[in-house]
Protein chains: 2
Amino acid sequence: MHSFKELIQLFEEKFAAILPFPQVPDSLYEPCRYFLQIGGKRIRPVLCLMGNELFGEIGEDAWHAATGIELFHNFTLIHDDIMDKAPLRRGKATIHERNGLTAGILCGDVMSIYSYDRLANIKTSLPQILHLFNKTAIEVCEGQQLDMDFEQRDDVSIADYIHMITNKTSVLLACSLKMGALLGGATDGNANKLYEFGKNMGIAFQLQDDYLDAFGATEKLGKQNGGDIKANKKTYLLLKAREGANVAQQQLIKDWLCHDGEEKVSAMLQLFKDTGADKACREAVERYSEMAFNCLEEVAVVSKRKAPLNELAAYLLQRDK
Amino acid sequence: MHSFKELIQLFEEKFAAILPFPQVPDSLYEPCRYFLQIGGKRIRPVLCLMGNELFGEIGEDAWHAATGIELFHNFTLIHDDIMDKAPLRRGKATIHERNGLTAGILCGDVMSIYSYDRLANIKTSLPQILHLFNKTAIEVCEGQQLDMDFEQRDDVSIADYIHMITNKTSVLLACSLKMGALLGGATDGNANKLYEFGKNMGIAFQLQDDYLDAFGATEKLGKQNGGDIKANKKTYLLLKAREGANVAQQQLIKDWLCHDGEEKVSAMLQLFKDTGADKACREAVERYSEMAFNCLEEVAVVSKRKAPLNELAAYLLQRDK
């Protein structure tokens with residue numbers, strides 16, 4: 001069994017070894033290499049490997065899956081950055097900012113194909129694995145579309161929001177675990193429990209991210225405090241504040257959404273508190289975390305094999321478990 | 001055996017039947033449906049079906065491949081239109097023009113995943129088929145990148161140009177034929193001959209397209225005569241004219257590239273003639289066509305089974321064969 005940190009290290013080595021993109025055309029592959037080496041936490045491939053190791057030694061198929069999943073995730077980031085008009089990713093220039101729109105689109109496209117080419121090496125139940133992956137990939141696109149749509153909509157409910165973040169973020173975490181598990185010979189029952197574990201953990205993580213963006217310490221990597229507030233992002237906090245606001249608070253929220261600057265951040269933080277949105281958000285994080293850990297509990301494998309997954313979830317959800 | 005026209009008809013029916021994208025999110029799938037119904041010649045799926053029927057009855061796998069290939073082709077068109085800043089495709093608004101950049105990017109992305117989900121249904125030699133498809137898809141991206149790069153370069157050779165159009169256009173035609181053939185049980189030898197047939201036919205077709213854009217009749221679908229000249233596109237004709245030009249003609253070409261308008265078109269057409277580029281282009285079309293038909297000739301199947309492929313090639317290359 002490997003720890004979370006060992007698996008990251010092993011993955012980085014494998015990923016670097018199998019991924020020397022061709023040299024030509026340099027205008028296509030140089031930005032791809034650049035983007036992959038600016039890092040990332042490699043959570044998804046590590047989940048895939050952990051899902052696999054839960055049932056035995058990590059096999060070749062799990063490595064193919066893990067590398068394919070990480071390429072796919074980076075493809076979505078490259079395209080999301082274009083849609084979000086983001087100049088930076090992890091503190092570094094995004095591809096479309098650094099190399100132009102064409103490079104941004106094409107590097108994403110070619111990376112998604114390389115992702116599928118990794119998956120095509122899988123020897124076990126390839127059609128089943130591909131359908132699971134495709135279903136997930138489609139949901140990720142749908143989630144991103146919903147996220148974009150929500151920017152223009154004023155009737156987004158909490159349920160809509162949970163549905164969006166589930167698709168945009170959580171299902172790929174869930175799929176990573178399930179693919180690893182299936183490739184390790186897990187029963188459908190266990191594989192599905194792991195899927196639910198990953199999905200709920202992803203939702204909890206995203207809600208926590210919303211919370212920390214508003215109330216977390218300012219020294220968070222590459223992010224300024226209240227970034228979501230400044231951008232009028234429809235986070236769980238804003239949606240919940242609107243839901244719980246009285247008429248006067250509704251008006252205040254509406255007014256502040258038309259303003260900019262530091263004053264806006266502190267005013268909105270106060271409104272999140274006054275409406276109970278902050279508490280509701282913390283409770284939702286707790287609720288989804290509990291569901292996640294309960295699902296993991298139900299996976300029919302001796303507890304000590306689950307230690308790395310428990311450790312990873314506790315790290316992501318900032319809990320001592 | 002089916003004729004070219006029959007196969008188009010059969011494909012359209014099958015394609016419409018299997019492709020009711022989900023209703024939600026409408027902002028994602030409505031543009032996808034729109035784009036697929038504005039048409040196209042469906043050459044690639046028909047080549048796949050013909051490659052399959054060359055060796056027996058058309059099988060289910062060939063239908064999966066044909067529909068997957070057509071989805072992939074449309075995905076590339078949607079993204080190419082963004083990169084080319086094209087407002088129209090087949091006389092209709094492009095997705096990014098009609099629904100915005102985000103929809104253009106995401107509809108392309110999701111369509112490429114649906115394409116892979118069609119392919120995942122293939123029962124015969126799935127890993128081999130996927131690797132062939134992925135290799136081709138990567139080449140298509142590389143070809144598009146080269147096409148974009150060429151716009152900024154002044155040192156593009158004829159060999160560079162042939163390499164670019166081979167990747168951007170021809171390999172997908174070739175791959176379609178080869179996939180159909182392999183799924184029909186063809187030997188590697190026959191499948192590779194068909195690949196070469198498709199590749200050379202594709203190159204000949206693209207060079208003919210360059211020629212017709214300059215010298216063809218003006219009533220061509222959705223295109224005005226001399227469109228490439230007006231856009232300073234580095235076609236075979238322009239590259240060859242530069243190559244064959246004397247010092248005075250070099251200067252004339254350089255000057256005209258800085259101008260706009262109808263006068264430019266007639267001046268460049270004259271320069272294409274004076275430098276012998278027009279003749280060289282016609283000869284190149286002929287040369288690649290010959291190579292294509294020779295490859296088809298060498299496929300070890302009784303001649304009459306090749307009739308539909310001969311018919312299709314003759315139609316595309318405007319020959320009586």
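This is a predicted model: local features need pLDDT of at least 70, side-chain atom pairs count only at pLDDT 80 or more; totals for chains, interfaces and linings use all residues.

Colleague: Okay, so is Lys168(B) buried, exposed or partly exposed?

Modeller: Lys168(B) counts as partly exposed, because its relative accessibility is 22%.

Colleague: And what does Lys168(B) form a salt bridge with?

Modeller: Its partner is Asp147(B), and the closest N and O atoms of the two are 2.7 Å apart. Lys168(B) sits in helix 8 (residues 158-183) of chain B and Asp147(B) in helix 7 (residues 126-152) of chain B, so the pair ties together parts 21 residues apart in sequence. Asp147(B) is buried, because its relative accessible area is 13%.

Colleague: Why would those side chains pair up at all?

Modeller: Side chains of opposite charge can pair when their charged atoms come close.

Colleague: How many salt bridges are there over all chains?

Modeller: The count is 34. One of them joins Lys193(A) and Glu298(A), with 2.9 Å between the closest N and O atoms. That pair links distant parts of the chain: Lys193(A) is in helix 9 (residues 188-215) of chain A, while Glu298(A) is in helix 14 (residues 277-298) of chain A, 105 residues apart. Lys193(A) is partly exposed at 29% relative accessibility, and Glu298(A) is partly exposed at 48%.

Colleague: What about Lys240(A) and Glu243(A), how far apart are they in helix 11?

Modeller: They are 3 residues apart in helix 11 (residues 236-244) of chain A, which means about one helical turn separates them. Lys240(A) is partly exposed at 23% relative accessibility, whereas Glu243(A) is exposed at 53%.

Colleague: Which residues does Arg42(A) link up with in a network?

Modeller: Glu12(A) and Glu70(A); together with Arg42(A) they make a network of salt bridges.

Colleague: Switching topic: how many salt bridges cross the interface of chain B and chain A?

Modeller: The rule finds 0 there. It does find 14 residue pairs in polar contact across that interface, both residues being at pLDDT 80 or more.

Colleague: Which helices of chain B supply the side that touches chain A?

Modeller: Helix 2 (26-37), helix 4 (60-83), helix 6 (101-119) and helix 7 of chain B each supply at least two residues. Helix 7 of chain B gives the largest share of that side, 14 residues. By type, the residues on the side of chain B that touches chain A are 25 nonpolar, 8 polar and 4 charged.

Colleague: How much area do the two chains bury between them?

Modeller: About 3300 Å², with 72% of it on carbon and sulfur atoms. Leu106(B), Ile113(B) and Gln145(B) supply 17% of the area that chain B buries against chain A, more than any other three residues. In residues, the contact takes 37 from chain B and 38 from chain A.

Colleague: How does chain B get laid on chain A?

Modeller: By a turn of 180° and a shift of 0.0 Å along the axis, with an RMSD of 0.0 Å. That is the relation of a two-fold axis. Also, 100% of the interface residues of chain B are interface residues in chain A too, so the copies meet through the same surface.

Terms used. Residues are numbered from 1 along each chain as its sequence is written. Chains are lettered from A and ligands numbered from 1 in the order in which they are written. Side-chain values use heavy atoms; hydrogens and water are left out. A salt bridge is a side-chain nitrogen of Lys or Arg within 4 Å of a carboxyl oxygen of Asp or Glu. Helices (H or I, at least four residues) and strands (E, at least two) are DSSP runs, numbered from the N terminus. Buried means under 20% relative accessible area, exposed over 50%, partly exposed in between (1.4 Å probe, protein chains only). Contact means heavy atoms within 4.5 Å. Buried area is the accessible area (1.4 Å probe) that two parts lose on being put together, summed over both. A polar contact is a pair of N or O atoms within 3.5 Å; within protein, one must be able to donate a hydrogen and the other to accept it, and residues adjacent in sequence count only if both atoms are side-chain atoms. Ala, Val, Leu, Ile, Met, Phe, Trp, Tyr, Cys and Pro count as nonpolar, Asp, Glu, Lys and Arg as charged, and the others, Gly among them, as polar. Copies are superposed by least squares on the C-alpha atoms of residues with pLDDT of at least 70 in both.
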